[in-house]
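Please keep the sequence and the structure at hand while reading.

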Amino acid sequence: MRFISNIFVLTGILIGFPLLFYVAFNGLNVDRLPDISDVESGYVIEDDSGNTYDLDQYIVGVLPSEIDTNSEYEAIKAQAVIIRTSILQQMNGKKQIKSKELGEKYINEDKLREQMGENEYTKNIQILTKTVLETRGKVMQAEGAYIVPLYHEVSVGTTVSAKELYGKAITYLQAVDSSADVEAPDYMHVEEWEYEDALALLKQKKSDSKVTLEQLEKQISVTSKTTSGYVKTIKVGDTKFSGEDWKEIFGLHSTNFYIEDHDHKMRVISLGKGHGLGLSQYGANEMAKKGSDYKKILKYYYTGIKIATAYK
């Protein structure tokens, strides 16, 4: 009997220890995610070298160029849905597209390893892959069509509506409160130039400009801006510039800025980072810190949208 008992004990050990080891490292989740290389969305992106990627594989390579990989997990998931929605919206029903036709920047595996280093790459690629797989097929739609999911890094404390910025109402691009953004490191950006240097920059970007040094010093004014402070037009002497022109010429963080003379220098103070439309990445990250999941974040920043499933 003791012999038989010992056999049962030994059998229990042989079976039990491997099971405990497996559970400790893999958990009891029976719905384990597939390998990213095995998934097929039915949508293909081809790069300049002729290499093809399934949409979900491609999103993994786009994410690091669009969001800080140290962001909150649910914020990264929200960004994955933004990228998927944007690509499918641009594909416009096609099943395959060349990467150069898309507005997204893809970073291949070798480049990511080089940029991050082996240890960071190993950690980050697991996080990015998981966010893509856990949101697989999820997209944003309004009135049955993919939205154009505009986003920016930091708002001015509230996002701006398409109606205010461009004069065209878009149902899902409404102004929403994002007051946490005023605490962001990039909320305010101050730059100063000697007037001679500012004029040189202006002439470099706008070679046909008739602006003089005296006009830049004494005859510069913002002639129109939106309710939230986004500059539409500037006048220097008799020359008009758009807010976007000024942003591009001087490398500003946004078109929400004002200009002043400071110690005989041209000072430009810009608020927020980006165009202010759609989702604020800083605000989304703060929502995620407080427990919001990616669906709640997206529905907050894109008014009235539906989270749909484009493929399974």
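Is Lys98 buried, partly exposed or exposed? In this model, which is predicted, Lys98 has a relative accessibility of 36% and therefore counts as partly exposed.

The partner of Lys98 is Glu46, and in the salt bridge that the two form the closest N and O atoms are 3.4 Å apart. Because Glu46 belongs to strand β1 (residues 44–46) and Lys98 to strand β3 (residues 96–98), the pair ties together parts that are 52 residues apart in sequence. Glu46, with a relative accessibility of 19%, counts as buried, since the limit for that class is under 20%, whereas Lys98 is partly exposed at 36%.

## Other salt bridges

The count of salt bridges in the model comes to 17. One of them joins Lys111 to Glu114, with the closest N and O atoms 3.9 Å apart, and both of these residues lie in helix α4 (residues 109–116), where a separation of 3 residues corresponds to about one turn of the helix. Lys111 is partly exposed, its relative accessible area being 38%, while Glu114 reaches 60% relative accessibility and counts as exposed, the cut-off for that class being over 50%.

A further salt bridge is made by the side chains of Lys273 and Asp186, at 3.7 Å from N to O. This pair links distant parts of the chain, 87 residues apart, with Lys273 in the loop between β12 (265–271) and β13 (279–280) and Asp186 in the loop between α6 (162–166) and β7 (188–194). Both residues are partly exposed: Lys273 has a relative accessibility of 21%, and Asp186 has a relative accessible area of 29%.

## The largest pocket

The largest pocket holds about 380 Å³ of space. It is lined by 20 residues, of which Asp68, Ser71, Glu153, Gln281 and Tyr282 are the closest to its centre. At least two lining residues are supplied by each of α2 (55–66), β6 (151–152) and α10 (281–289), and α10 gives the largest share, 4 residues.

By class, the lining of the largest pocket divides into 6 nonpolar, 8 polar and 6 charged residues. Among the residues closest to the centre are Asp68 and Glu153, both of which fall in the charged class, because Asp and Glu are counted there.

## The second largest pocket

In the second largest pocket there is about 280 Å³ of space. Its lining consists of 14 residues, and Ile36, Gln57, Val60, Tyr106 and Glu109 lie nearest the centre. The elements that contribute two or more residues to this lining are α2, α4 and α5 (118–134). Helix α2 is also one of the elements that supply at least two residues to the lining of the largest pocket.

The lining of the second largest pocket is made up of 8 nonpolar, 5 polar and 1 charged residues. Glu109, one of the residues nearest the centre, belongs to the charged class, because Glu is counted there.

## A strand hairpin

Strand β9 (residues 231–236) and strand β10 (residues 239–242) run antiparallel and are joined by 4 bridges. Val236 has Thr239, in β10, as its bridge partner. The two strands β9 and β10 form a hairpin with 2 residues between them, and in the turn Gly237 has a positive phi of about 65 degrees.

How values were computed
Residues numbered from 1 in each chain as written. Predicted model: local features only at pLDDT ≥ 70, side-chain atom pairs only at ≥ 80, totals over all residues. Heavy atoms only, no water. Salt bridge = Lys/Arg side-chain N within 4 Å of Asp/Glu carboxyl O. Buried < 20%, exposed > 50% of the residue type's maximum accessible area, 1.4 Å probe, protein only. 1 Å grid on protein atoms, 1.4 Å probe; cavity = no way out; pocket = protein on both sides within 12 Å on 5 of 7 lines; lining within 4 Å. Points joined across faces, edges and corners; volume = space filled by probe spheres on them. Pairing = 2+ DSSP bridges.
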